[in-house]
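Dear colleague,

I am handing over the structure below, and I would be grateful if you could read the notes that follow with the model open beside you.

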Amino acid sequence: MEIEPFLLKVTHYADAADVRADVRVGVFLLILGAVFLLIAICCFIALRNARRRYRLMLATEASNVGALTEGPCEIQGRIESIDSPFTSPWTQQQCVYCEFLVEEKRKQNDAWYWHSIINDVQKQSFKVTDPSGSVEIDPDEAKFDLKSVAHEQIGLLSGDASSELQTLLKDRDIETTNRISRELRCSEKVLTTGDTVYVFGEAKRVDEKLVICWGDMPLIVTDDGERKVEEGYSKSARGWMIATIILMVIALAFIVAGILKSIGFFRA
């Protein structure tokens, strides 16, 4: 048996195997690049929407309720109930919106985080009124940005729950007698009749009357003024922009590496 032809044949097969391996790795890198590119495109769409809404908020001036017309709007006024208000579970206030939140402190991969175990939201239709008139708000489409009226952290080093909170949590099958082995934090946010709020939204005519809903302008009800909401969308736009740039760089790096690997650029 001649050694030299045999060695050439073995070398040829080895080279072919290396080429196939490079192609497989190259395809894998291209797929990764395509995935990151798709995520980057989604982030870019979110960036564009956040920027558009932020600019719309800046361009829309607050108006009196009585002067509202169809389209994006901003108003400020006091809450007026349409039906009989309900009672919030913790602070026992008569309200048109209530969010009772209970979170548990948990650990994963050496990092602590708060996990929601109860998020009890109740709401009903209501009006916002100023001296010029009143307009109905669609609560099902609204995002409520409210300050907590009650907040308590219990368990471990945080202290024991108050008797009212203990009863409330026990009704929801959470035991809090004396010291508990886990750490919880509880909060309640409410919107009561007479509260002053600022509303972003879009006025639409529904059944011969104007109602503020979600549209080109997101429907946001806040008791913390317009500036905080606008700053939130500005920060959101910056965050999406940074994420888009980072993901685009990663995607292009994978795509370029995949192409070069497929054509054997890195092969010795």
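**The salt bridges**

R227 is partly exposed, with a relative accessibility of 49%; here buried stands for under 20% relative accessible area, exposed for over 50%, and partly exposed for what lies in between, using a 1.4 Å probe and protein chains only. Before going further, please note that this is a predicted model, in which local features need pLDDT of at least 70 and side-chain atom pairs count only at pLDDT 80 or more, whereas totals for chains, interfaces and linings use all residues. Residues are numbered from 1 along each chain as its sequence is written, and side-chain values use heavy atoms, with hydrogens and water left out.

R227 forms a salt bridge with E230, in which the closest N and O atoms are 3.0 Å apart; the term salt bridge is used for a side-chain nitrogen of Lys or Arg within 4 Å of a carboxyl oxygen of Asp or Glu. Both residues belong to helix α3 and are three residues apart, which is about one turn of the helix; helices (H or I, at least four residues) and strands (E, at least two) are DSSP runs numbered from the N terminus.

In total, the structure holds six salt bridges. Another of them joins K147 to D224, with 3.6 Å between the closest N and O atoms. K147 sits in the loop between β7 (143-145) and β8, while D224 sits in the loop between β12 (220-222) and α3 (226-262), so this pair ties together parts that are 77 residues apart in sequence. K147 is partly exposed at 46% relative accessibility, and D224 is partly exposed at 31%.

The pair E104 and R106 forms a salt bridge as well, with its closest N and O atoms 3.2 Å apart. In this case E104 counts as buried at 10% relative accessibility, whereas R106 counts as partly exposed at 32%.

**Strand β9 and its partners**

Strand β9, which spans residues 184-192, is mostly covered, since seven of its nine residues are buried. Strand β3 (residues 94-108) pairs with β9 in the antiparallel sense over nine bridges, where two strands are said to pair if DSSP finds at least two bridges between them. Within this pairing, L191 in β9 is the bridge partner of Y97. Strand β8 (residues 150-154) pairs with β9 in the antiparallel sense over five bridges, and L184 of β9 stands opposite I154.

**Cysteines**

The structure holds zero disulfides, a disulfide being a pair of cysteine sulfur atoms within 2.5 Å. C95, for instance, is in no disulfide, and the nearest cysteine sulfur, that of C98, is 4.9 Å away. C95 is buried with a relative accessible area of 0%, and C186 counts as buried at 0% relative accessibility.

**A nonpolar surface patch**

On the surface, V23, V27, I31, V35 and I39 form a nonpolar patch that has about 370 Å² of accessible area together. Patches are made of residues with over 30% relative accessible area and no salt bridge, with like charges joined within 9 Å and nonpolar side chains (Val, Leu, Ile, Met, Phe, Trp, Tyr) within 5 Å; accessible areas come from the Shrake-Rupley method with a 1.4 Å probe, and for residues only the protein chains shown count as cover.

With kind regards
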